[in-house]
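Colleague: I would like a close look at a single part of this model. Please keep it brisk.

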Amino acid sequence: MPAVQLFATCLGDLAFADAVADAETLLREAGFDVEFPAGQVCCGQPAFNAGHRGAARRVARTFERAFSRATPIVAPSGSCVTMAAHYLPELLGCEPFDVWELSAFLDAHGAEVPRRNEGRRVAYHDSCHMLRELRIADAPRRLLERSGATLVPLPRADLCCGFGGTFSVRLPEVSLAMADDKLAGAAGAEAEALVTADPGCLIHLRGRAERTGARPLPVHLATALARGIA
Amino acid sequence: MTELAQPPERFRVIARGAIGNEHMQSALDLATARLRGNRLAAWDALPEIEELRQRGHDARMRVIRDVDAYIEQFRTAVEARGAHVHFARTADAASSYVADVCRRHGARLAVKSKSMASEEIGLNAALETAGVRAVETDLGEYILQLAGEHPVHIVAPAIEKTKEEVAELFSRVEGRPVEPELGALTQAARRLLRQEFLDADVGITGANFAVAETGTVVLVTNEGNGRLVSSLPRVHVALLGMERLVANLGDLAVLLRLLARSATGQRLTTYTTLLSGPRRAGEEDGPDELHVVILDNGRSNLLGGRYEEMLACIRCGACLNVCPVYRKAGGGAYGPVYSGPMGAVLLPLLVGLDRAPALPHASSLCGACTEACPVKIPLHELLLELRRDLVERKVASPFERAAFTAWSFLWSRPLGYRLTTALARLAQPAAGLVGPGRRWASGRALPRLGRRFRDR
């Protein structure tokens, strides 16, 4: 059985353990042997995006040490994959990693997903890193459609949801206003779930929806695919 | 001189006001969406757009990498046609030169077409001190001058004003009611401005480009005011940033194809004016004197460095129109002149990072700006570089630097990660009480840290 290395990401490990478990399930069901390198910590992005290169390098080395180059690395996070794929080689002065965002990996390997979302209306939120850095827009949508969901378009899908790492606490009012627009767009589209493939977007959008009572609730793509939207 | 420095908390304060203003939010949303849609349609209609963007980038970088030589070439060419060229190192030097020109001609009234460089140097205030009344003739700039406000968008300066607000301003000046309807507003502006054009002693314009090979100043406008300003008064002063130069007419053609399409979605603006020197013997139109003021004001600091590409900016505003932060915060948050992603990059470079420390962080780094830039400036990557400089030059707070350093040592080993996250889990109830956690929790539920995935 071909193997993959699962990178949980720090946010996934700490705040979205269920979504990471769902990612693991999807990879298994797609026929992969899932390894979890125990030395993994974080890709260093929080510090990198805030300008702290030295701190970012120190943390990013854990990624370099933890993951083997012999097996593909898969993470349920467009943002962390962007960091590992686009920035780490330069930051650490190392060879590129064979690192994949979960939906792109599943789609590229023709994975079957269970039809758990038959007839459900789902809106997909593109994370900026996935859309503009990794250029992954179709794979998550295709997988959702294969799960039986009907995709409803979000208005101004190009707009960022307002997370942006430290941006979310440096300019909280702007960040929240951006989240409100995104959540209102999903409500206006009469979606039953707002699905995203990025724990960053999710922690922000979900936290906002929980606070304001906005619906539909944001859900991680791995969860939507493995267990169906709630 | 316009104060370009931006105290740390200013962005947040102004943005908060903008977000609370429903009219402004809807004006920002509508205007940026329309301009963005126009650009995308115009780009879609050009199959060679990607190649054109690269050619635009190359044309700009050609000049920037050898700018002194191009300035000299331009100077020689335009002086041979009878114009005067003045290189101004600072904002004050540029303003003083323009004021001197006015004084020499006994000018009382100057009409201006839109120029961001003149906003940057605070020219109107300097002229006022010299006893010269400066009247803005670009419709948006005219509205803002009446309102006593600064532009909030580099292409559509009054983007946040509703037609009702404009009607109120015009009614006040005309002394009779003006209907809040576009036709009536335009007619009112026409009536108000026509006499100013005829009476003016000096006309002041910016320049979208200046062609080194031919000594040509290029103006791109839609309202025709640029032509009146540069041809009716006896004296014409054109003020341009030193990076506005292009090598030759071929490069100009490439950039003109990109500029209007990216700014408003037009193939070309209504008027593209190429000015090569003052009126010559036998010619009917044009000024007796042409002065070209080339402005440095911090631009040369960028030459040869990591931020050099920022000088390629053609001021189309495309990055503002796609920016989700600009769309919420509005232009005023960035300062009185440049706004949006281009402003967030340019201002700290012109005035120094320590004088605009919040701007590199006024972005979620979504990258929409980079994608929209017609001359391929990697705007969000430059913001990331500026953040790095904030840290490395110790502009970022010692607390922030210490926090990231401590975090990085703790998370440089799985054991440190395990310990800190176990503690964080215990400390969850207090997470929303202080620092970033408090700012997070001001409008969002904190995440619930349960059992880690790795411990399952």
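What covers the buried residues of H10(B)?

Modeller: The cover includes helix H8 (139-147) and helix H9 (163-174) of chain B. Contact here puts two C-beta atoms, placed from the backbone, within 7 Å. Helices (H or I, at least four residues) are DSSP runs, numbered from the N terminus. This is a predicted model: local features need pLDDT of at least 70, side-chain atom pairs count only at pLDDT 80 or more, and totals for chains, interfaces and linings use all residues. Residues are numbered from 1 along each chain as its sequence is written, while chains are lettered from A and ligands numbered from 1 in the order in which they are written.

Now the helix itself. The buried residues of H10(B) are B:Ala188, B:Ala189 and B:Leu193. Buried means that 20 or more other C-beta atoms lie within 10 Å of the residue's own, with C-beta atoms placed from the backbone. B:Leu193 also marks a bend of about 30° in H10(B). That angle lies between axes fitted to the seven residues ending there and the seven starting there. The 18 residues of helix H10 (residues 182-199) of chain B should span 26 Å at 1.5 Å a residue, and the end C-alpha atoms are 26 Å apart, so the two agree. The expected span is 1.5 Å times one less than the number of residues.

On confidence, chain B averages a pLDDT of 96, and 100% of its residues score at least 70. pLDDT is the predictor's confidence in each residue, from 0 to 100. For the complex, the predictor gives an ipTM of 0.97 and a pTM of 0.97.

Definitions and conventions: Helix = DSSP H or I, 4+ residues; strand = E, 2+ residues; numbered from the N terminus. Buried ≥ 20, exposed ≤ 12 C-beta atoms within 10 Å, placed from the backbone.
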